[in-house]
Amino acid sequence: MRRRLFTTQGQAASSKWTNIHALVRDQRLGILTLQETHLTPTLVDDIHNLFGHCLLIFNSSDPNNPTSSAGVAFILNREVMSTSHSKVHEIIPSQALLLTTTWHNSASLSVLNVYAPNDYHQQTSFWETLEEYWSDHALPKPDFMLGDFNLVEDPIDRSPPRLDLSAPSVALQDLQLSLNLVDAWRTDRPSERNYTFRTSSNSFSRID
DNA sequence: CCACCGGCCAGCGCATGATT
DNA sequence: AATCATGCGCTGGCCGGTGG
């Protein structure tokens, strides 16, 4: 149950965003990435009106169904980092957003936030489109890629174990090769089982 | 009048089992 | 092995009641 808390402010800013604001401040997070944000530009304005002193939001929304489908966002904490040199590139609307920024006056940092399609017919072309984008545009390669991948590359990442379709996994591996990325968590823990998503029927997966 | 709340419905996201 | 059909849970949108 999510209810509007700030109707006097005009439109929405649900308790979810109150919680996100508290989380970012309490944990002193610099950069938070979100998927399935379901935000419109108006909603982002509302959140900025409430929490803009602390949060800077870059959101990319679904052109057809912004409030009910997809959407990716970066949440920057102004209290922890300078946001003056931060900008985003909308690579695939609502599904792939690249943040370029500086981190504590040191080298530049780029982060790719992805929400891959859950329809497996679209997954292969999604990863291929990303790979082509970097060969067609002069963009810094991301230092980190994270988000909702909606696939696993190894049966160990599902419980009960199950192998996903091969074509999307191959496309993802090709992208990782071309961007010089590795699954850092799995590299550090070759055989550990841990999951990011679970269903009510006790199945688990590490698709995020 | 207006702010707030609960019920209901439809669409979305994910998994699973059947079918080809 | 790939695709289809289905189910479940969650969320947003809408409506209508309620109490100040």
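**Ground rules.** I am working with a predicted model, where local features need pLDDT of at least 70, side-chain atom pairs count only at pLDDT 80 or more, and totals for chains, interfaces and linings use all residues. Residues are numbered from 1 along each chain as its sequence is written, chains are lettered from A and ligands numbered from 1 in the order in which they are written, and side-chain values use heavy atoms, with hydrogens and water left out.

I checked UniProt, where an unreviewed entry puts "domain: Endonuclease/exonuclease/phosphatase" at residues 19-208. I noted that UniProt positions follow the numbering used here, that feature names are shortened, and that annotations may be inferred rather than shown by experiment. Over residues 19-208 I get 29% helix and 26% strand, with the end C-alpha atoms 21 Å apart. Helices (H or I, at least four residues) and strands (E, at least two) are DSSP runs, numbered from the N terminus.

**Salt bridges.** How many salt bridges does the structure hold? I find seven, counting a side-chain nitrogen of Lys or Arg within 4 Å of a carboxyl oxygen of Asp or Glu. As background, side chains of opposite charge can pair when their charged atoms come close.

I started with R25 and E79, whose closest N and O atoms are 3.3 Å apart. R25 sits in helix α1 (residues 15-27) and E79 in the loop between β3 (72-77) and β4 (87-92), so this pair ties together parts 54 residues apart in sequence. R25 is partly exposed at 35% relative accessible area, and E79 is partly exposed at 35% too. My cut-offs are buried under 20%, exposed over 50% and partly exposed in between (1.4 Å probe, protein chains only).

Next came D183 and R206, with closest N and O atoms 2.8 Å apart. D183 is in the loop between α4 (166-179) and α5 (184-188) and R206 in the segment after β10 (204-205), so the pair ties together parts 23 residues apart in sequence. Is R206 buried or exposed? R206 counts as buried at 13%, whereas D183 is partly exposed at 25%.

I also looked at R189 and E192, which pair at 3.6 Å between the closest N and O atoms. Shared partners join D157, D183, R186 and R206 into one salt-bridge network.

**Negative patch.** I found a negative surface patch formed by E128, E132, D136 and D174. Patch residues have over 30% relative accessible area and no salt bridge, and like charges are joined within 9 Å. Helix α3 (residues 120-136) gives the most, with three residues. D174 is in helix α4 and is partly exposed at 36%.

The peptide bond from S159 to P160 is cis, with omega near 0 degrees. P160 lies in the loop between β8 (158-159) and α4.

A70 has a positive phi, near 55 degrees, without being a glycine. I placed A70 in the loop between β2 (55-60) and β3, buried at 8% relative accessibility. S94, not a glycine either, has a positive phi of about 75 degrees. S94 lies in the loop between β4 and β5 (96-102) and is buried at 3%.

Technical notes:
Patches are made of residues with over 30% relative accessible area and no salt bridge: like charges are joined within 9 Å, nonpolar side chains (Val, Leu, Ile, Met, Phe, Trp, Tyr) within 5 Å. Accessible areas come from the Shrake-Rupley method with a 1.4 Å probe; for residues, only the protein chains shown count as cover. Lys and Arg count as positive and Asp and Glu as negative; His and the chain ends are not counted. The place of a charge is taken as NZ of Lys, CZ of Arg, CG of Asp or CD of Glu.
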